[in-house]
Amino acid sequence: MITGLTPEQTELRDAVRRFLAGKSSEAEVRRLMATSEGYDPEAWKQMAGQLGLQGLAIPEEYGGQGFTWAELGIVLEETGRALLGGPFFSSAVLAAAALLQSDDADAKKRLLPSIADGSVIATLALPRRDLADVPVTAVTDGTVWRLAGTVPLVTDAHVADVLLIPARSRDGITLFEVRRGAEGLTVAARPTLDQTRKLADVTLDGARAVPVTAIGAAGPVLEATRDHAITGLAAEQVGVAQATLDMAVEYMKVRVQFGQPIGAFQALKHMAADVLVEVETARSAAYSALDAAVAGSGDFPAIAALAAAYCSDASVAAAHQNIQFHGGMGFTWEVPAHLYYKRARADELLLGEPAAHRERLAQLTGVTGCATR
């Protein structure tokens, strides 16, 4: 259980926090936002070589650290808190989770070690709402598979060495590997609200691909990957929410009005207390989902959907209130409040909107006839 961190988990959290304080400061976040890549390759190497973060939840047999989703969730909370830019979520969460769920042992042995050591950046074109809504088709001549179609808004596809693409053939949905530079592959960056996380449209025109699941058997893999991915995102959203609360509290201590810090005003105290309740409840929801992932609980899909919905709402609410605490200056470019608000809003839609998660939760728990918003 990670409702109370073990000494080892606390040490991990503190080490990651110290690292990100230097590698993902506000100044560095703003610098990387203006670059086309969106991340620092040197910091990426250090994350893998010094801290082993990319392979944290990858088993040792595949070159990883052999920890669990509980530890990965702790790291993701810190990356959200620091607004880390770059492909960590795409590679260490989305792509790694898909491969770990795959039944293709050769694909695991071939791809996971290089993801774990950071030498390969990978991403997954996971459908946001309906996993059966796959816009890519796959055909084969009996020897080579080729893909055709366009997948919009794939996280970090512009820097990915490996793209994992679900595609539909007459046999069903299969997950394929497409390598950077493949003939027929085009990746076009898409301007988005959140400049700290880059998205790109992926177009395939007969691009050569290699299956990484059994043919037509990617459905369960994508289902399990979605549950793990939304749980990881929930942990990141908790970090975003906590950072905005901390920012608001610090500002309320130094902003003076009518001869006293604005934090002394009862109305603002109540507002801050409400945000605190939201943040702590979101943390409990995210940690419960992480625990369920580690335990392999049969209730994990429902708990993950609950965490995804609640943490999305809490992150947006906390980021919005942070702007209100800062008053008029909260909307300005110079104050980092807007950076967290944009990340919260983008994360809200990254893997499906909260209403979709509530709808899925209702389906999984057999609840019908209830509002999903």
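Is Leu-164 buried or exposed? I looked up its relative accessible area in this predicted model and found 1%, so Leu-164 is buried, the cut-off being under 20%.

**Entry on Leu-164.** I placed Leu-164 in strand β4, which covers residues 162-169. I then listed the contacts of Leu-164, leaving aside neighbours within four places in sequence. They are Ala-95, Ala-98, Leu-99, Thr-123, Leu-124, Ala-125, Leu-175, Phe-176, Glu-177 and Val-212. I also looked up the separation of Leu-164 from Gln-260, 96 residues apart along the chain, and noted 56 Å between their C-alpha atoms.

**Entry on Arg-283.** I found Arg-283 in helix α8, residues 266-295. Its relative accessible area is 13%, which is under 20%, so I recorded Arg-283 as buried. The side chain of Arg-283 makes a polar contact with the side chain of Glu-280, at 2.9 Å. With neighbours within four places in sequence set aside, I noted Glu-77, Val-238 and Gln-242 as contacts of Arg-283.

**Entry on helix α11.** I checked the length of α11, residues 354-365. Twelve residues at 1.5 Å a residue should span 16 Å, and the end C-alpha atoms are 16 Å apart, so the two values agree. I recorded Pro-354, Ala-355, Ala-356, His-357, Arg-360 and Ala-362 as buried in α11. Which helices do the buried residues of α11 pack against? I found α7 (218-254), α9 (300-325) and α10 (337-350). Last, I looked at what follows α11: Gly-366, with a positive phi near 75 degrees.

Definitions and conventions. Residues numbered from 1 in each chain as written. Predicted model: local features only at pLDDT ≥ 70, side-chain atom pairs only at ≥ 80, totals over all residues. Heavy atoms only, no water. Helix = DSSP H or I, 4+ residues; strand = E, 2+ residues; numbered from the N terminus. Expected span 1.5 Å × (residues − 1). Buried < 20%, exposed > 50% of the residue type's maximum accessible area, 1.4 Å probe, protein only. Contact = heavy atoms within 4.5 Å. Polar contact = N/O pair within 3.5 Å; in protein donor to acceptor, adjacent residues only side chain to side chain.
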